[in-house]
Amino acid sequence: MPDYKAPQDNGAQGPVHDVTVLGGGSFGTAMAKVLGENGHRVHFWMRDEAQVAEVRDTGVNSRYMPDIKLEGDIQPTTDFDAAIDKSDVIFVAIPSKAFRSVIREHSQQFREGQIVISLTKGIEEHGFKLMSEILQEEIPRCRIGVLSGPNLAGEIVNRDLTATVIAAKDPDVRRAVQGLLGCEYFRVYANVDIYGVELAGALKNIYAIVAGMASALDMGENAKAMLITRGLAEMSRFAVSLGANPMTFMGLAGVGDLIATCTSSKSRNFRVGYAVGKGQKLDDAVAELGQVAEGIYTLKLVKEKSEAIGIYMPLVRGLYEILYGSASINAVISSLMMAVQNSDVEFILPRTISQQ
């Protein structure tokens with residue numbers, strides 16, 4: 001694989017890279033803004049010609065970030081091939097349902113050794129594939145990574161302090177992404193556990209829906225804390241059974257992201273759960289949101305997978321029964337309270353210091 005190319009210098013701002021963001025939703029827009037303000041040339045690909053024209057003419061993506069002006073050298077386009085042609089690093093912020101089809105359609109345009117980073121927190125329906133696995137299958141000649149963490153797009157675009165995790169096997173990939181995105185308000189930590197980081201980002205959306213419901217019903221802080229921590233136990237138990245590192249769930253991509261999405265009304269999945277908790281039908285809540293709430297899709301897939309491999313996930317099963325059956329959130333909580341009271345912590349590390 002070729003090394004990451006040395007960019008041209010941009011004086012005081014540092015080196016300038018040609019970088020691509022695929023997908024003009026809220027998080028793609030947030031990443032384009034960070035990259036643009038860091039002095040990079042951002043090729044910003046979107047399907048919608050009207051959206052491209054608006055960003056090009058006004059610097060605003062009004063559908064997703066109506067009050068935010070994109071600064072710097074941001075070049076919106078509907079031409080996929082031109083968008084990725086000059087870039088050494090490509091960030092993919094395409095919803096999970098369309099992820100494979102878009103990458104496959106343009107797979108021949110990716111160059112060998114290009115760095116391709118998934119920003120999408122979801123799971124593909126057929127085969128329970130994560131986005132990094134789709135990238136490995138469709139463009140194996142590229143170097144793959146994932147970015148995940150407690151990263152609410154609405155806060156990032158306001159330059160609020162935020163940290164994220166770049167997960168990749170290749171240290172050059174980790175360093176390249178840290179160099180591109182890191183700035184005074186956006187800190188990028190590194191991890192080698194691609195599967196754990198990515199799975200954590202997908203799974204936490206389920207528990208954000210549960211937390212939104214609990215908030216709508218004015219449950220106490222004790223109950224909310226219980227739901228979040230039992231959610232952490234569930235998601236880590238499930239992920240480790242599939243090969244993830246349990247310690248990944250103690251970091252930003254695990255408990256950090258879970259806290260952010262389970263406690264914030266800025267979270268799309270939280271808002272869907274809140275609306276359903278207030279009595280709205282699921283379809284109406286999703287339609288009113290006007291954006292993709294990945295947790296809705298992830299829930300079905302995780303329920304099927306957990307049952308197939310025999311992993312106990314009472315909150316997943318309960319949420320499924322609420323959204324697609326006739327159960328209530330109160331019944332699910334009652335069921336949780338009546339279950340066998342087992343161990344609080346899923347994974348116990350061996351003691352490394354013997355008692356004297």
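Tutor: The following account moves from the domains to their contact, then to the sheet beside it and the charged pairs.

The model is predicted, so local features need pLDDT of at least 70 and side-chain atom pairs count only at pLDDT 80 or more, while totals for chains, interfaces and linings use all residues. Residues are numbered from 1 along each chain as its sequence is written, and side-chain values use heavy atoms, with hydrogens and water left out.

The domain assignment gives domain 1 (18-192) and domain 2 (201-338); such bounds come from an automatic or database domain assignment. Their C-alpha centres lie 26 Å apart. The contact (heavy atoms within 4.5 Å) takes 24 residues from domain 1 and 25 residues from domain 2. Between them the two domains bury about 1800 Å², 68% of it on carbon and sulfur atoms. Buried area here is the accessible area (1.4 Å probe) that two parts lose on being put together, summed over both. On the side of domain 1, Lys121, Phe128 and Leu152 lose the most area to domain 2, together 32% of what that side buries.

Across this interface the rule finds 2 salt bridges, a salt bridge being a side-chain nitrogen of Lys or Arg within 4 Å of a carboxyl oxygen of Asp or Glu. The side chains of Lys121 and Asp257 meet in a salt bridge at 2.9 Å, N to O. Helices (H or I, at least four residues) and strands (E, at least two) are DSSP runs, numbered from the N terminus. Both Asp257 and Lys121 are buried; buried means under 20% relative accessible area, exposed over 50%, and partly exposed in between (1.4 Å probe, protein chains only).

The sheet comes next. 8 strands form an open sheet of mixed pairing, in the order E5-E4-E3-E6-E7-E10-E11-E12. Its edge strands, E5 (74-77) and E12 (186-191), each pair on one side only. Two strands pair if DSSP finds at least two bridges between them. Strands E10 (residues 143-148) and E11 (residues 162-167) pair in the antiparallel sense over 3 bridges, and Val146 stands opposite Ala167 in E11. Helix H10 (residues 252-263) packs on the sheet, touching E10, E11 and E12, and its direction makes about 145 degrees with that of E11. Helix H5 (residues 131-138) lies across strand E7 (115-118) and E10, running at about 165 degrees to E10. For these angles, axes are lines fitted to C-alpha atoms, for helices over the stretch in contact, and angles run from 0 to 180 degrees between N-to-C directions.

Further charged pairs complete the picture. The structure holds 19 salt bridges. One of them joins the side chains of Lys129 and Glu137 at 2.5 Å, N to O. Lys129 counts as partly exposed because its relative accessibility is 23%, and Glu137 is partly exposed, with a relative accessible area of 41%. Another joins Lys303 and Glu307 at 3.0 Å, N to O; both lie in helix H13 (residues 294-309), 4 residues apart, about one turn of the helix. Lys303 is buried because its relative accessible area is 16%, whereas Glu307, at 49%, counts as partly exposed. Salt bridges that share partners also join Arg100, Arg104, Glu124, Lys129, Glu137 and Glu138 into one network.
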